[in-house]
Number of protein chains: 2
Amino acid sequence: MQAPQVVSPAIAPDRSVTFRVYSPKANEVTINGSWMDFGETLALSKTENGVWEVTIDPLASTMYHYNFFIDGVAAIDVTNPHALRDGTRYASLLMIPGKEAEVFQQNPVPHGTLSKVWYDSPSLDMKRRMYVYTPPGYESSSESYPVLYLLHGAGGDEDAWSSLGRTNLILDNLIAAGKAKPMLVVMTNGNAWQSSTLTQAPGVSPPTRETYMQWAGKFEKSLVEDVVPYIEKNYRVKSDKSSRAIAGLSMGGGHTITASINYPGTFDYIGVFSSGIFDPNADMAELEQKFNALKDSGVAKYWVACGKTDFVMESNKRLLSILDKTGLAHEYHESEGGHTWANWRDYLVLFAPMLF
Amino acid sequence: MQAPQVVSPAIAPDRSVTFRVYSPKANEVTINGSWMDFGETLALSKTENGVWEVTIDPLASTMYHYNFFIDGVAAIDVTNPHALRDGTRYASLLMIPGKEAEVFQQNPVPHGTLSKVWYDSPSLDMKRRMYVYTPPGYESSSESYPVLYLLHGAGGDEDAWSSLGRTNLILDNLIAAGKAKPMLVVMTNGNAWQSSTLTQAPGVSPPTRETYMQWAGKFEKSLVEDVVPYIEKNYRVKSDKSSRAIAGLSMGGGHTITASINYPGTFDYIGVFSSGIFDPNADMAELEQKFNALKDSGVAKYWVACGKTDFVMESNKRLLSILDKTGLAHEYHESEGGHTWANWRDYLVLFAPMLF
């Protein structure tokens with residue numbers, strides 16, 4: 001029997017969405033989408049011709065991702081050419097058209113270049129890979145640009161911010177709208193213990209808390225001592241503090257905190273997304289001293305963002321309390337939702353226009 | 001119940017491979033791998049703890065890809081962080097270690113940079129994207145390099161040659177071994193009717209033969225009139241004929257044939273992989289005239305490769321017959337196998353060392 005032509009996802013004019021999978025043999029097909037809670041699933045129903053389908057209520061215009069579960073096995077939507085990657089996980093893209101989605105879309109505006117670049121990291125004694133976004137016009141101009149160093153979370157690697165994060169498209173759109181200044185964005189691999197998630201063997205267990213602790217501070221050292229000099233030597237960029245920004249999500253927010261206090265005077269713009277002081281037993285007196293030194297070095301903008309229901313809220317509060325205590329001027333943005341890419345994309349859309 | 005820890009693929013020292021999927025609910029789990037015939041499947045067996053598995057006989061050392069079918073639904077291996085993409089299809093990577101796989105692996109050698117670059121195509125009245133590989137040292141040297149233009153097949157797009165094709169790693173390895181000269185490789189999107197497969201809506205039917213015919217010659221025009229000038233303006237490259245090569249697979253082989261005869265004197269090195277004169281009713285007299293003009297313009301190397309069992313063998317033979325008839329000096333490499341990425345990677349490994 002010829003398999004029927006399946007269209008999925010099908011977005012209706014009212015923004016309701018129908019998802020379909022062809023499988024005459026499956027016992028159960030479900031879906032989890034980023035508009036649902038983590039772990040929540042919705043059942044598809046089997047129709048006569050072996051196509052499973054479900055139609056969901058209209059979604060707000062923005063970017064989402066989803067997976068099917070075919071008898072419990074996570075799968076991307078085979079009829080959808082757009083798969084997104086975050087570390088070892090793959091999901092299918094869903095873009096609900098409308099005004100709110102525009103900043104995440106590939107629009108007819110000038111596009112920057114996204115490059116996968118290898119560099120030497122003497123600090124870690126490794127060759128490492130990073131993604132570098134250069135803004136539209138970089139190749140043909142003689143201008144020097146400021147740089148945002150943008151760090152991923154645990155489980156991700158150097159391509160998380162451009163895949164699920166849409167960084168290059170967000171920057172293209174913000175720059176075209178005059179909302180953000182043309183800048184480079186450098187997206188590193190924050191897993192100090194491996195040269196790239198993309199080179200790891202399958203079946204390797206995720207890093208333990210002990211792995212993270214053991215490597216504390218090492219990625220931050222390589223970022224400031226290896227990556228920043230590499231970028232400032234090999235790209236046409238400005239190399240003063242006022243032209244350097246750093247931001248990160250979750251683990252990358254922790255890296256941002258550590259890199260900025262360990263190297264005061266390096267970054268003028270600091271963004272901490274869905275993160276904070278993770279260790280409840282951290283030496284707060286020592287941290288306060290370091291934040292004081294950071295404050296004395298001068299910070300143009302310290303921006304903190306977290307979702308109301310984020311499981312890292314306690315860590316986030318510890319960071320806010322240190323910032324308050326030391327009087328380091330900062331802005332705090334508390335959004336709806338939790339520890340999600342929807343929030344991290346939104347935070348980048350809010351943070352990038354504050355820079356430089 | 002907690003899902004058991006699943007390792008897949010597990011490669012034994014004898015190079016036999018065990019594939020595993022956890023699904024207590026599935027009725028049937030099968031696998032197709034690139035070492036098997038197209039469409040052939042092998043069943044996995046369900047074990048007590050809900051893990052399906054199958055162990056296959058030792059494989060030769062090289063690169064492969066595979067998909068699971070969960071009750072008939074194509075899926076990538078969720079425990080494998082390495083998914084490869086060819087147009088709308090995703091598959092999981094399997095690398096069997098050994099001497100033969102080395103050229104496809106990420107080895108501790110200097111790595112070039114792979115960039116996603118947007119350019120204007122006045123010929124097609126579109127903004128288009130291409131991937132540009134610059135060799136190790138490009139950023140810090142003042143040298144000018146030759147350029148290989150490398151074209152994908154039907155169904156693929158600009159990232160096929162770096163994803164399933166491993167072009168950047170193959171070049172890194174060949175250059176490090178002194179087997180290929182440092183060069184740029186430019187990988188375009190050969191679908192003249194769309195700005196990028198990555199921007200198309202899901203569920204769009206694949207292009208028909210009529211679509212291809214309607215657009216005949218237009219991509220080739222944009223390649224020579226838009227892409228080549230863009231590269232020669234924006235990159236440090238040599239811009240004489242002897243520093244330009246072109247090659248492509250299947251549809252991209254057709255593009256290679258057309259671009260080289262429509263623009264004689266442009267490319268000195270021509271590689272046609274698993275392709276040929278597709279139209280059995282082509283005007284052979286007119287083609288002969290064009291190939292004669294190409295011959296008169298001077299060609300340093302015309303290299304043709306095809307698999308013994310490739311379904312395009314008749315097209316390939318039509319090309320060889322014209323080359324013979326016009327006396328255009330060429331080399332012909334007939335490999336085992338058919339219309340496969342295994343062959344295209346091998347052909348690139350053979351072709352790149354012949355260049356420049």
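This is a predicted model: local features need pLDDT of at least 70, side-chain atom pairs count only at pLDDT 80 or more; totals for chains, interfaces and linings use all residues.
**Entry 1**

Setting aside residues within four places in sequence, I listed what Ile70(B) is in contact with. From chain A the list holds Ile70(A), Asp71(A), Val73(A) and Ala75(A). From chain B it holds Val21(B), Ser23(B), Ala26(B), Val29(B) and Ala75(B).

Next I looked up the largest nonpolar core, which has 196 residues. Which of its members touch the most other members? I found Ile70(A) and Ile70(B), together with Val186(A) and Val186(B).

**Entry 2: how the copies are related**

I then checked how chain B can be laid on chain A. A turn of 180° with a shift of 0.0 Å along the axis does it, and the RMSD is 0.0 Å. I noted this as the relation of a two-fold axis. Which C-alpha of chain B is nearest the axis? It belongs to Ser115(B), and I read its distance from the axis as 1.9 Å.

**Entry 3: the contact between the chains**

I looked up the residues on each side of the contact. Chain B puts 46 residues in contact with 45 residues of chain A. On the chain B side, I find β8 (73-75) and β11 (113-121) as the elements that give two or more residues. The largest share comes from β11(B), with 6 residues. By type, I noted 21 nonpolar, 19 polar and 6 charged residues on the side of chain B that touches chain A.

Why do I say that the copies meet through the same surface? Because 98% of the interface residues of chain B are also interface residues in chain A.

**Entry 4: domains of chain A**

I looked up the division of chain A and found domain 1 at 10-98 and domain 2 at 106-354. Their C-alpha centres lie 31 Å apart. The contact takes 9 residues from domain 1 of chain A and 13 residues from domain 2 of chain A.

I then asked which elements of domain 1 of chain A supply at least two residues to the side that touches domain 2 of chain A. These are β7 (63-70) and β9 (83-86) of chain A. I noted the largest share, 3 residues, under β9(A). The residues on this side of domain 1 of chain A divide into 5 polar, 2 nonpolar and 2 charged.

**Entry 5: a sheet in chain B**

I traced an open sheet of 4 strands in chain B, in the order β1-β2-β6-β5, with antiparallel pairing. Which strands are at the edges? I found β1 (10-11) and β5 (45-46) of chain B there, each pairing on one side only.

I also looked at β2 (residues 17-22) and β6 (residues 51-56) of chain B, which run antiparallel and are joined by 6 bridges. I noted Phe19(B) as standing opposite Val54(B) in β6(B).

**Entry 6: cis peptide bonds**

I searched the backbone for cis peptide bonds. One joins Ser8(A) and Pro9(A), with omega about -10°. I place Pro9(A) in the segment before β1 (10-11) of chain A. In chain B, a cis peptide bond joins Ser8(B) and Pro9(B), with omega about -5°. Pro9(B) lies in the segment before β1 of chain B.

**Entry 7: positive phi in chain B**

I noted residues other than glycine with positive phi. Ser250(B) has phi near 50°. I found Ser250(B) in the loop between β15 (244-249) and α5 (251-262) of chain B.

Is Ser250(B) buried or exposed? The cut-off for buried is 20 or more other C-beta atoms within 10 Å. Ser250(B) has 25, so I count Ser250(B) as buried.

Phe356(B) has phi near 65°, also a positive value in a residue other than glycine. I place Phe356(B) in the segment after α8 (341-351) of chain B. Phe356(B) has 21 C-beta neighbours inside 10 Å, so Phe356(B) too goes down as buried.

Definitions and conventions. Residues are numbered from 1 along each chain as its sequence is written. Chains are lettered from A and ligands numbered from 1 in the order in which they are written. Domain bounds come from an automatic or database domain assignment. Two residues are in contact if their C-beta atoms, placed from the backbone, lie within 7 Å. Ala, Val, Leu, Ile, Met, Phe, Trp, Tyr, Cys and Pro count as nonpolar, Asp, Glu, Lys and Arg as charged, and the others, Gly among them, as polar. A nonpolar core is a set of buried Ala, Val, Leu, Ile, Met, Phe, Trp, Tyr and Cys residues joined through C-beta atoms within 7 Å. A residue is buried if 20 or more other C-beta atoms lie within 10 Å of its own, exposed if 12 or fewer, and partly exposed in between; C-beta atoms are placed from the backbone. Two strands pair if DSSP finds at least two bridges between them. Copies are superposed by least squares on the C-alpha atoms of residues with pLDDT of at least 70 in both.
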